[in-house]
Amino acid sequence: MTGNIPDYSLGDLVARFGGEVAGDPEVRVWHVATLENAGPGAIAFFANARYRSQLHTTRAAAVIISPAAREDIQIARIVCENPYAYFARVSLLLNPPRATRPGIHATAAVDADASVHPGAEIGAYAVVSRGARVGEGTVIGAGAYIGEDVQVGRDSRIHALVAIYQHCVLGDRVVVHSGAVIGADGFGIAVEEERWVKVPQIGGVRVGDDVEIGAATTIDRGAIEDTVIEDGVKLDNQIQIAHNVRIGAHTAIAACTGIAGSVHIGRHCRIGGAVGIAGHVHIADRVEISGHTAVTKSIDKPGVYSGVYPFEPNREWRRNASQLRHLAEIVRRVAALENELARLTGRES
């Protein structure tokens with residue numbers, strides 16, 4: 001122990017997480033750090049060749065490293081196949097989340113017909129509505145709103161000022177960050193005599209286990225059937241997910257992505273920041289989409305897909321953009337020239 005901070009030997013970490021110690025297994029660590037800023041008692045990781053110079057100058061007590069880099073340094077190290085994932089587990093061990101403090105704050109409003117497990121924590125000014133259920137070990141943060149008949153499973157964290165509308169279901173070990181809204185109405189409107197008629201959004205939202213939802217992300221309820229976020233999905237901040245979207249298990253989506261209605265995204269996909277996905281598109285399992293790509297049609301095969309127009313000096317961009325306006329005309333002219341060439345070539349032969 002260092003003060004009240006628990007420390008672990010490298011041998012302890014390997015016994016818990018696997019891997020192999022190269023060097024002194026009795027070296028003890030009690031916090032994580034970057035290679036550049038590490039000092040005594042710190043454990044860092046090396047997983048990207050661009051940081052090789054920092055690896056050689058680090059003052060860390062130990063480094064998590066791949067087998068390929070095993071002999072690059074002589075300080076104590078843990079050798080494993082995936083240093084970044086290993087580092088994540090070590091960091092969680094050294095920085096555990098705050099333990100649940102069971103009980104209901106005096107200022108919270110919990111309906112008499114709600115069910116809150118005695119082992120759950122309800123924060124100041126939180127609202128738990130009629131028919132809602134909150135599972136054991138779950139924390140409902142200050143000012144959060146849990147709507148009617150909402151279900152939140154075990155060991156979940158609903159941070160301050162989250163709003164979860166009626167009839168939504170969240171699984172176990174779900175994390176929802178501040179400002180997120182789950183279950184708002186989808187954008188369903190029909191036009192009649194030049195006026196908009198709202199289509200009732202009567203579905204819900206179903207969120208699986210081990211899902212994380214970033215700050216200010218919005219997930220709309222289904223129009224008729226539910227919007228579904230499957231197990232293990234990770235959503236960054238400020239993502240818009242429209243009604244009746246289904247996101248497959250263990251997919252990760254970066255910030256500012258917008259997903260239109262009735263999109264089906266497969267499992268184990270990776271979607272970059274600021275991607276736009278048009279409505280009713282289907283995306284296969286194990287698809288990776290680069291940031292800022294516009295997806296306007298379905299993707300039926302795994303792989304990496306990109307659609308970013310590269311930036312360039314403004315003068316050149318303006319010239320190219322003006323030419324793009326005439327692209328259809330240019331295509332027609334080229335096709336006509338090709339047809340004429342084919343006709344002439346055929347005559348000469």
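**Helix packing and strand pairing in the predicted model**

Helix 1 (residues 10-17) packs against helix 3 (residues 83-94) at an angle of about 110°, and their axes lie 11 Å apart. Helices here are DSSP runs of H or I with at least four residues, strands are runs of E with at least two, and both are numbered from the N terminus. Axes are lines fitted to C-alpha atoms, for helices over the stretch in contact, with angles running from 0 to 180 degrees between N-to-C directions. That angle makes helix 1 roughly perpendicular to helix 3 (the label covers 65 to 115 degrees).

This is a predicted model, so local features need pLDDT of at least 70 and side-chain atom pairs count only at pLDDT 80 or more, while totals for chains, interfaces and linings use all residues. Residues are numbered from 1 along each chain as its sequence is written, and side-chain values use heavy atoms, leaving out hydrogens and water.

As for who touches whom, Leu-13, Val-14, Arg-16 and Phe-17 of helix 1 meet Tyr-86, Arg-89, Val-90 and Leu-93 of helix 3 (contact means heavy atoms within 4.5 Å).

An open sheet is built from 11 strands in parallel pairing, ordered 8-11-14-17-20-25-28-31-34-37-39; two strands pair if DSSP finds at least two bridges between them. Strand 8 (103-104) and strand 39 (303-305) sit at the edges, each pairing on one side only. Within the order, strand 17 (residues 157-158) and strand 20 (residues 175-176) run parallel, joined by 2 bridges, and Ile-158 stands opposite Val-176.

Strand 21 (residues 181-184) also runs parallel to strand 18 (residues 163-164), through 2 bridges, with Ile-164 facing Ile-182. Strand 21 pairs with strand 26 (residues 218-220) in the parallel sense over 3 bridges, and there Ala-184 has Asp-220 as its bridge partner.

Definitions and conventions. Angles under 35 degrees count as roughly parallel, over 145 as roughly antiparallel, 65 to 115 as roughly perpendicular and the rest as oblique.
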